[in-house]
Amino acid sequence: MARAVKALYAVLVTSLLAAPAPAVTASAGTAATTGTAAEEAAPAPAPAPRPRAAGERGLEIAVPAYAWAGDRMLGDLVATTPAASVVVLNPGNGDAPFDGRWQARADALRAGTTATGEKTKVLGYVHTDHGNRDIDAVKASVDNYLKTRDGRLHVDGIFFDVVSRDCGPGNSTRDHYAELRAYVQETMNAADPTAADLVVDNPGTAIADCYLEPGHRTADVFVTFEDTYAAYTGGGWLGGNVFSDSGGYRAGTELDPAGTAFWHLVHAVPDAAAMRDTLRTAFDRGAGYAYATGTRMPNPWDESPSWKYRSQTLYAATLG
């Protein structure tokens, strides 16, 4: 059932993003209008950037932004201080041209500074249909972001969506995704040998531990929850970020010494207090990245939450 829902969601996103881009001219300074007048008049100062010490876990905000390049959502993200750590851009479900307008938006996002003093990382969205999409077609979508006319990289890596959570016969599905990761790394290195690549796999649920096996790892980060707040605080949380056939579900911390391998995405969050509860819960469950929004299906990732992005990036900076 989870795979069917995920596949249907991908189709819905495709149809939504395939519609003509709206004529929106929102400035980078626009933002959500909720919040008290005092908050609007005198926002809290951003914390001084503080790189974490080696071995120190924290939580960072990573946002799937499935909106067009000129939409208000991306303007809000550009204006946010401290900035989100990761933003996923999704032009036409990954297959519309990543042209100059998209590249300019990506460059503006990458100029943002996070609470730890790093620059925002931008990822290009690519769908994979649980490993069933032809690998050459997937690589062509990767090329859409990484092989540009000006020869420059405008993204920091790739976000693979609708990823299988299972190893497959003889680890064949796992190896399919390992090949895709290697392709991203090789393509980025050819464009800029100094670039640090970031690859994310999104099964939307706990993933088999074979995907993090040393020497065969398929991504740097795995989205191990994508569902509603009600599911996150109820029976939708299966009990861990990884699973094995023999041992059930577990946090997976032994596979993630840096504390950055897991990312939780939670939508239909009712209010700002629940947002903070979501982020605290994500940290407690072993996530290094999280995002909470009040928006709902069929596409909860196409507009800003009613609270400020800043309220998430500031709160996340206190965790750890």
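Which residues are buried in α8? Here, buried means under 20% relative accessible area, exposed means over 50%, and partly exposed is in between (1.4 Å probe, protein chains only). Ala274, Met275, Thr278, Leu279, Thr281, Ala282 and Phe283 of α8 are buried. The structure is a predicted model, where local features need pLDDT of at least 70, side-chain atom pairs count only at pLDDT 80 or more, and totals for chains, interfaces and linings use all residues. Residues are numbered from 1 along each chain as its sequence is written, and side-chain values use heavy atoms, with hydrogens and water left out.

Helices (H or I, at least four residues) and strands (E, at least two) are DSSP runs, numbered from the N terminus. Helix α8 covers residues 272–284, and Gly286, with a positive phi near 95°, follows α8. Ala268 has a positive phi near 55°, despite not being glycine. With 12% relative accessibility, Ala268 counts as buried. Asp129 also has a positive phi near 55°, and is found in the loop between β3 (121–127) and α5 (135–146). At 36% relative accessibility, Asp129 counts as partly exposed. As a rule, most residues other than glycine have a negative phi, and most peptide bonds are trans.

Now for the cis peptide bonds. One joins Thr81 and Pro82, with omega about -5°, and Pro82 lies in the loop between α3 and β2 (86–89). Another runs from Met297 to Pro298, with omega near 15°; Pro298 lies in the loop between β11 and α9.

Methods
Expected span 1.5 Å × (residues − 1).
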